[in-house]
Amino acid sequence: MIKHRIDGKSLADWEKFHDFFASTFDFPAYYGRNMDAWNDCMSDYCYSKGLVSLHIDNAAEFKTMNPTAFAAIVECSAFINWRSTDKGGDPLIVLSFYV
C-alpha cells in the first residue's frame, strides 16, 4: 500500500487541490484539472501502483475552506472503489480523515 499524508489546509482552493494531486501522483500533462479527470488519473495510478491510502490531516479546516472539494474527494474515492469492486476487483483507495 502506498501511503500519503495530506495537510487538508494545503487543499484550500481548487487550484491548490489539483496542483497537489497532479504533482504528488505525477498526473500526465494533459490532466484536465476537474474531478472527471481526477477520477481517471487516480484510477490509472492505483491500477498501476496498487492500493493507495490518503490520510487527510486538518480535514475540518479543508471541509470549511473548500467544502465542494472535500465532498468531491469523498464521492470520487467511493466511485473509484465501486467501479473496481463492481468488476470483481479490490478497492483502490483508502481515505481517512477526522472532522
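The chat below goes through the helices and a few single residues.

Q: Before we start, what kind of model is this, and how are residues numbered?
A: This is a predicted model, where local features need pLDDT of at least 70, side-chain atom pairs count only at pLDDT 80 or more, and totals for chains, interfaces and linings use all residues. Residues are numbered from 1 along each chain as its sequence is written, and side-chain values use heavy atoms, with hydrogens and water left out.

Q: Start with helix 2. Why does its end-to-end distance agree with what it should span?
A: Helix 2 covers residues 35-49, and at 1.5 Å a residue its 15 residues should span 21 Å; the end C-alpha atoms are 20 Å apart, which agrees. The expected span is 1.5 Å times one less than the number of residues. Helices here are DSSP runs (H or I, at least four residues) and strands are E runs of at least two, both numbered from the N terminus.

Q: What sits at either end of helix 2?
A: At the start, a side-chain oxygen of N34 comes to within 3.0 Å of the backbone nitrogen of D36. Just after the helix, G50 has a positive phi of about 105°.

Q: Which residues of helix 2 are buried?
A: M35, A37, W38, N39, C41, M42, S43, Y45 and C46. Buried means under 20% relative accessible area, with exposed over 50% and partly exposed in between (1.4 Å probe, protein chains only).

Q: And what do they pack against?
A: The buried residues of helix 2 pack against strand 1 (2-7), helix 1 (14-24), strand 2 (52-57), helix 4 (67-86) and strand 3 (93-97). Contact means heavy atoms within 4.5 Å.

Q: How do helix 1 and helix 2 sit, roughly parallel or oblique?
A: Their angle is about 15°, with the axes 12 Å apart, and they are therefore roughly parallel to each other. The contact is made by W14, F17, H18 and F21 of helix 1 and M35, W38 and M42 of helix 2. Axes are lines fitted to C-alpha atoms, for helices over the stretch in contact, and angles run from 0 to 180 degrees between N-to-C directions. Angles under 35 degrees count as roughly parallel, over 145 as roughly antiparallel, 65 to 115 as roughly perpendicular, and the rest as oblique.

Q: Last one: where is H4, and what does it touch?
A: H4 is in strand 1 and counts as buried at 17% relative accessibility. Not counting residues up to four places away in sequence, H4 touches T24, F25, Y45, V52, S53, L54 and H55.

Note on methods. A polar contact is a pair of N or O atoms within 3.5 Å; within protein, one must be able to donate a hydrogen and the other to accept it, and residues adjacent in sequence count only if both atoms are side-chain atoms.
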